[in-house]
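Here is a briefing on a predicted model.

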Amino acid sequence: MSVFIAKRVLTLIATLIGASMVIFLVMEILPGDPALVILGVDASDEAVRALTKELGLDRPPVERYWSWITGLLQGELGNSYAYKVPIWELIEGAMLITLPLAVMSIALSIVLALVIGLYAAANHNKAGDVTLMGISQLGISIPNFWLAILLIILFAIELRWLPAGGFPGWDEGILVCLKALLLPSLALATVVGAILARITRSSVLEVFREDYVRTARAKGLSQRATLWRHVLRNALIPVLTVTGIQFSALLTGTVVVENVFHIPGLGSLVLKAINNRDTIVVENVILLLATMVITVNFIVDILYAVVDPRLKAHDI
Amino acid sequence: MSDTRSLSFLSRCRRSRSFMVGGIMTAFLLVCAAISLFWTPGSAYDITIANRFLPPSADHWLGTDRFGRDIASMLMTGTQNSIVVAVVAVSIGLSMGVSLGLLAAARRGWTEEIIMRLSDFSFAFPAILSAIMLTAIFGPGGVNSILAIGLYNIPVFARLTRGSANAIWAREFVMAARASGKGRLRITFEHILPNILSIIIVQATILFAIAILAEAALSYLGLGTQPPEPSWGRMLNEAQTLMFLDPMQAVYPGLAIATAVFGLNLLGDGLRDILDPRLSRKR
Amino acid sequence: MSLLNVKNLSVILATNDGPARAVRDLSFSLNKGETLGIVGESGCGKSMAALALMGLLPELSETRGEILLDEENLLDKTEAEMCRIRGNRLAMVFQEPMTSLNPVHTVGNQIMEPLQLHLGLSESAAREEALHLMDRVGIPNPEARIDNYPHQLSGGQRQRVMIAIALSCKPDVLIADEPTTALDVTIQDQILELIQNLVQEDGMALILISHDLGVISENTDNILVMYGGAAVEKGGTEQIFNELVHPYTQGLFAAMPKLGRARTMRLVTIPGTVPDLINLPAGCTFTDRCPIATDICRNTPPPLEEIEPRHAVACHHLQEARSRKTEELFS
């Protein structure tokens with residue numbers, strides 16, 4: 001088990017290094033001189049050269065990559081070109097919104113998926129199953145940002161139950177903040193939850209046809225006990241995989257949905273940074289998002305082995 | 001022989017409800033796009049401020065937006081945009097991804113390892129993230145969003161192709177072909193590709209739907225299709241500012257996206273049932 | 001009074017192409033300590049009959065007739081009552097040891113499960129008993145094996161685990177459905193012998209299901225030959241091997257590879273395939289493959305008639321069938 005985890009950690013680190021290199025290279029070939037962007041097109045050559053030196057952009061790329069990474073590890077990311085404030089401050093504030101939003105959404109979608117998926121599987125081919133699967137098929141097809149808009153129209157404009165957008169800040173109290181995040185997480189969770197519900201259902205049904213389920217029934221276990229003790233754990237293996245994959249969809253979904261609700265998370269930050277040509281912020285936010293995706297997939301890999309003992313033995 | 005086969009194929013198509021409904025919805029989409037090429041009920045481009053916010057009428061089926069453009073016409077013309085983006089993006093992913101996947105399965109060893117590690121790695125950059133990076137470099141625009149979605153599709157196809165191709169490579173008839181001295185390239189095209197084609201087609205249908213979603217999201221963010229070209233995502237963006245004034249404007253484009261994606265998803269499900277009965281057969 | 005008495009058991013499965021009559025009018029009885037062999041080709045309904053006894057048929061199916069275990073009809077029992085009987089008084093060993101164990105639980109836990117469920121043993125007592133059972137079914141070094149996962153065991157060992165699970169609560173009747181088919185030939189005999197010994201030690205009744213007449217002949221007291229969902233011949237094992245009456249039984253026997261037969265001789269097969277259970281012929285189901293069939297066979301189902309005490313055969317042409325000589329069978 002420890003060898004397994006060690007291997008996974010090595011892969012994780014290698015992937016993170018690779019991701020940072022790709023981002024750095026992409027930003028490197030980016031046309032447009034940041035110094036020029038900051039100073040405006042009318043700036044004198046002299047001023048541009050001076051700022052370039054000040055920002056350290058005249059150093060060779062390898063050196064700059066190295067100082068970026070070492071700075072990253074120390075939490076020293078430099079200043080935003082546009083706002084002249086430390087990037088870390090910008091990112092920290094945004095992350096404290098995006099991360100809870102993402103966690104809330106994935107938790108909501110997992111709950112949704114298990115309830116719907118298990119109910120549908122238990123009522124295979126009956127009216128409830130068919131209806132729920134029809135709805136989930138619809139749920140998959142709805143763009144999350146449209147759903148977000150519809151939710152705003154319904155709950156904020158028509159019913160006036162929840163705020164239409166914005167984020168009060170954590171100082172204002174947790175409840176108000178959770179309320180502000182409720183609609184966005186609902187918009188995100190519906191799509192992911194629908195996908196996961198379908199996977200859960202088909203996976204449970206598939207496992208129910210396995211020989212070992214027949215063995216369990218032959219032992220005298222009831223349908224319900226069989227479901228909990230023998231079906232669920234096996235059925236969750238594919239659900240777990242898809243959850244990992246869906247997390248990245250959910251994270252990029254937050255980028256879009258945050259913009260619908262005008263929530264100052266990472267998504268809003270990165271879009272603003274693009275519009276301001278604040279490349280250094282873009283670079284760091286994208287690396288952060290990629291890191292989150294990679295980390296979640298790492299966690300899924302580990303969980304995978306916890307759920308399925310066969311993997312520990314056969315892992316490469 | 002081939003007659004009875006095609007007959008049973010058709011009858012299977014007819015028996016699959018998903019395929020029929022999805023097919024009809026997709027066909028409707030294509031027809032809308034085709035008609036909009038030479039006719040729309042109003043104008044999707046003309047800005048006539050005097051006509052802004054007209055309610056639905058015989059002239060303007062779904063009313064007009066804040067610039068006086070005809071919403072129904074914009075939706076129809078937007079179909080073209082969605083289809084073009086999706087077709088090109090999926091084609092990029094399909095051609096590159098399938099080739100890489102086939103290569104990985106045929107060569108194994110280091111080639112496979114490199115291709116698969118690279119595709120693993122690209123999973124860290126989902127469609128919208130890579131699109132954001134690309135737009136940060138080249139600026140927002142339709143072509144860039146197509147490129148970004150296409151790039152995202154490559155590893156998806158590569159993984160699927162390699163996985164299914166490896167399974168076929170292990171089959172007896174491929175062993176027989178290899179024993180008879182056929183080259184890897186020839187076996188790939190004679191045996192491997194035809195056998196995994198159905199899986200690829202199903203995947204392409206589903207990615208087609210995802211591409212439409214992704215394009216809409218990018219356009220919504222202002223990173224995709226640029227005005228005045230009508231696009232569903234962009235329409236949603238514009239409608240959002242008018243939510244309090246005219247909420248229905250935010251409903252139509254979303255409905256169009258959902259219909260397109262729903263139809264394609266159904267079509268994909270139906271195709272899977274028809275092309276690969278093993279996957280859907282119930283005991 | 002017999003322990004298990006099955007009367008006119010019929011199973012109808014709902015399929016996409018219509019109802020399939022998987023088992024028709026099957027009757028047999030089984031006493032304590034007795035072994036019954038059910039033999040037939042795959043698809044003859046023998047596994048379905050076994051699942052019907054356990055009450056584990058697929059959801060969309062119908063079971064008719066009576067299954068009397070100690071005079072109580074199992075078909076009248078509720079699902080909760082059946083759960084108390086399954087694994088406790090009626091147990092089953094399945095054909096596929098590779099897939100019949102849950103991959104995510106240790107074998108120990110899987111053996112302990114029925115012990116805790118039916119006998120109410122505590123965790124530690126169940127573990128103790130599981131170790132004992134593993135030892136009894138011949139798994140070497142149970143202490144080390146009990147915490148293994150199924151994938152760490154060989155096929156033969158997994159089947160031993162399955163047997164341990166089935167025997168854990170000392171059932172009245174053990175049903176073994178092709179218990180050795182998926183195993184290596186060398187292990188087949190060991191497993192059969194193991195089942196035989198354990199059944200005798202505990203004095204339980206055994207239903208051994210196989211397509212292999214050889215396996216059946218060595219291990220049973222009585223035989224039931226099934227074809228197309230129904231019994232075509234039944235009787236004492238010795239009776240049947242003394243005189244194979246039904247043309248199908250004769251065919252099965254002839255198709256058995258034997259030591260000592262001249263190598264030039266081809267293995268005999270029964271021509272044709274098993275009948276379609278959805279569109280069963282009106283008369284005898286074996287008509288199309290039978291060498292002595294006539295028009296009456298096509299139209300009228302033959303009754304099961306006793307030709308000597310306890311030996312019954314369902315054939316219209318008993319006379320002709322009985323006069324066929326062994327040599328003819330191989331022509």
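How many residues does the contact take from chain A and from chain B? It takes 36 residues from chain A and 31 residues from chain B. The coordinates are predicted, not experimental.

**Chain A against chain B**

- Six helices of chain A each give two or more residues to the side that touches chain B: H1 (2-28), H6 (127-141), H7 (144-158), H10 (223-261), H11 (266-275) and H12 (279-307).
- By class, that side of chain A has 27 nonpolar, eight polar and one charged residues.

**Chain A against chain C**

- Here 19 residues of chain A are in contact with 24 residues of chain C.
- Helix H9 (211-218), helix H10 and helix H13 (309-314) of chain A each give two or more residues to this side.
- H9(A) supplies the largest share, six residues.
- The side of chain A that touches chain C divides into six nonpolar, five polar and eight charged residues.

**Chain B and chain C**

- No contact joins chain B and chain C.
- Their closest C-alpha atoms lie 9 Å apart.

**Chain A: fold and extent**

- Chain A has 13 helices and zero strands.
- The C-alpha trace of chain A spans about 85 × 55 × 35 Å along its principal axes.
- Chain A is divided into domain 1 (32-76) and domain 2 (88-314).
- The centres of these two domains of chain A, taken over C-alpha atoms, are 39 Å apart.
- An unreviewed UniProt entry places the feature "domain: ABC transmembrane type-1" at residues 95-304 of chain A.
- Residues 95-304 of chain A are 84% helix and 0% strand, and the end C-alpha atoms of the span lie 27 Å apart.

**Chain B: annotated spans**

- An unreviewed UniProt entry places the feature "transmembrane region" at residues 20-39, 83-106, 118-137, 143-161, 192-214 and 250-268 of chain B.
- Residues 143-161 of chain B are 100% helix and 0% strand, with end C-alpha atoms 26 Å apart.
- Residues 250-268 of chain B are also 100% helix and 0% strand. The end C-alpha atoms of that span lie 28 Å apart.

**Chain C: the eight-stranded sheet**

- Eight strands of chain C form an open sheet in the order E6-E7-E8-E3-E9-E10-E12-E11, with mixed pairing.
- Why is one side of strand E6 (90-93) and of strand E11 (304-308) of chain C left without a neighbour in the sheet? Both stand at the edges, each with a single partner strand.
- The twist averages 20° from one strand to the next.
- Helix H6 (155-167) of chain C packs on this sheet, touching E6 and strand E7 (173-177) of chain C. The direction of H6(C) makes about 175° with that of E6(C).
- Strand E9 (222-227) and strand E10 (230-236) of chain C pair in the antiparallel sense over six bridges.
- Asn222(C) has Gly236(C), in E10(C), as its bridge partner.
- Helix H10 (247-254) of chain C lies across strand E3 (35-39), E9 and E10 of chain C. H10(C) runs at about 100° to E9(C).

**Chain C: the four-stranded sheet**

- Four strands of chain C form an open sheet in the order E2-E1-E4-E5, with antiparallel pairing.
- Strand E2 (18-30) and strand E5 (72-73) of chain C are at the edges with a single partner strand each, so one side of each has no neighbour in the sheet.
- Strand E4 (61-69) and E5 of chain C pair over two bridges.
- Leu69(C) has Glu72(C), in E5(C), as its bridge partner.
- Helix H1 (46-54) of chain C packs on this sheet, touching strand E1 (4-15), E2 and E4 of chain C. The direction of H1(C) makes about 70° with that of E2(C).

**Confidence in chain B**

- The mean pLDDT of chain B is 80, and 90% of its residues reach 70 or more.
- Which helix of chain B has the lowest confidence, and which the highest? Helix H11 (277-280) of chain B is lowest, at a mean of 48, and helix H3 (71-107) of chain B is highest, at 88.
- Residues 1-5 of chain B stay under 50 and have zero contacts beyond four places in sequence.
- Residues 279-283 of chain B are also below 50, with four contacts beyond near neighbours in sequence.
- Where pLDDT is low, predicted coordinates should not be read in detail.

Definitions and conventions. Residues numbered from 1 in each chain as written. Chains lettered and ligands numbered in written order. Predicted model: local features only at pLDDT ≥ 70, side-chain atom pairs only at ≥ 80, totals over all residues. Contact = placed C-beta atoms within 7 Å. Nonpolar A, V, L, I, M, F, W, Y, C, P; charged D, E, K, R; others polar. Domains from an automatic or database assignment. Pairing = 2+ DSSP bridges. Axes fitted to C-alpha atoms, helices over the stretch in contact; angles between N-to-C directions. UniProt positions renumbered as here; feature names shortened; annotations may be inferred. pLDDT = per-residue confidence, 0-100.
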